[in-house]
Amino acid sequence: MSTILHIETSTDVCSVAVSQDGKCIFEREERVDIGSKEHAAAEQKPRRGSAVMAGVFVDEALTFTDQHLIDLDAVAVSSGPGSYTGLRVGTSMAKGVCYGQGLPLISVPTLELLCVPVLLAEKVKEENALLCPMIDARRMEVYAQLYDRSLHEVRAIQADVVDADTYREWLDERPVYFFGNGAAKCMDTINHPNARLIEGVEPLARWMFPLAERRFFQEKFEDVAYFVPFYLKDFVAKQPKKLL
């Protein structure tokens with residue numbers, strides 16, 4: 001038995017959930033302003049940022065568990081790749097709860113998380129098909145990874161500049177399902193009969209529980225003091241040494 005607080009802030013959807021024994025018992029989500037001009041132009045009113053919404057939702061989740069006399073066993077946070085600001089906010093919130101309540105920290109890779117709703121909805125029909133979750137980076141660049149239907153890694157995460165040949169070695173052999181906020185822009189470029197697009201798939205806290213629970217029972221916990229998500233490490237590594 002486990003009760004886990006889940007925090008997901010890797011994209012422009014900020015979400016928080018609480019799961020208990022494999023069931024979601026609390027959830028909140030809202031699109032946030034991550035600072036892009038496209039978002040500002042598309043909205044008639046400003047959206048609140050990750051720092052505001054994550055704080056509000058985590059506070060509501062903790063109030064919910066207190067009111068129902070529920071003790072948390074762990075905190076899970078999406079570990080990227082994704083928005084630098086969002087991941088930083090989510091990680092800070094998760095660490096704060098862990099320190100305050102003496103709880104272990106679980107990290108859930110964002111690309112693996114994207115696969116969960118696809119598999120639960122049984123949208124992948126072919127037994128030999130591969131899943132390719134994508135997080136948008138810029139222009140024709142995405143962070144992508146390849147999994148089989150059992151979520152075994154077929155290809156490690158890479159920053160791909162997508163062209164017609166980027167995934168050809170897998171597409172020539174079997175169907176590949178592309179999804180996530182970086183997928184739609186790539187489909188015309190990939191242009192292969194085995195390429196499948198699944199739209200509307202977002203990394204949400206309510207889908208974290210299968211991955212977080214597995215890590216909880218395997219005791220795969222992060223060091224609360226030193227954990228940083230994928231995008232933060234990547235960002236720091238690219239900075240000139242004089243800035244570090």
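**Close-up views of a predicted model**

**Figure 1. The whole chain, by its elements.** The secondary structure amounts to 8 helices and 10 strands. The model shown is predicted. The chain has 244 residues, and 48% of them count as buried. Its accessible surface comes to about 12,400 Å². Carbon and sulfur atoms hold 49% of that surface. Take the contacts between residues at least 6 apart in sequence: 62% of these join residues at least 24 apart.

**Figure 2. An open sheet of 5 strands.** Read across the sheet, the order is β8-β7-β6-β9-β10. The pairing is mixed. Strands of a sheet pair through backbone hydrogen bonds, in either a parallel or an antiparallel sense. Which strands form the edges? They are β8, residues 153-161, and β10, residues 195-197. Each of these two pairs on one side only. From one strand to the next, the twist averages 25°.

**Figure 3. Helix α4 against the sheet.** Helix α4 covers residues 110-120 and packs on the sheet. Which strands does α4 touch? It touches β6 (130-138), β7, β8 and β9 (176-179). The direction of α4 makes about 130° with that of β6.

Figure 4. Strand β7 spans residues 141-147. It pairs with β8 in the antiparallel sense, over 6 bridges. One place to look is V142, which stands opposite D160 in β8. Between the two strands of the hairpin lie 5 residues. In this hairpin, L151 takes a positive phi near 65°.

**Figure 5. Helices α2 and α3, packed together.** Helix α2 runs over residues 50-67, and helix α3 over residues 84-101. Their axes are 9 Å apart and meet at an angle of about 30°. Angles under 35 degrees count as roughly parallel, so α2 is roughly parallel to α3. The crossing of α2 past α3 is right-handed.

**Figure 6. The contact between α2 and α3, residue by residue.** Which residues of α2 take part? They are S50, A51, A54, G55, V58 and L62. On the α3 side, these meet G86, V89, M93, V97 and Q101.

Conventions: Residues numbered from 1 in each chain as written. Predicted model: local features only at pLDDT ≥ 70, side-chain atom pairs only at ≥ 80, totals over all residues. Heavy atoms only, no water. Helix = DSSP H or I, 4+ residues; strand = E, 2+ residues; numbered from the N terminus. Buried < 20%, exposed > 50% of the residue type's maximum accessible area, 1.4 Å probe, protein only. Contact = heavy atoms within 4.5 Å. Areas by Shrake-Rupley, 256 points an atom, 1.4 Å probe, with all protein chains shown as cover. Pairing = 2+ DSSP bridges. Axes fitted to C-alpha atoms, helices over the stretch in contact; angles between N-to-C directions. Parallel < 35°, antiparallel > 145°, perpendicular 65-115°, else oblique. Left-handed = near helix turned anticlockwise from the far one by under 90°.
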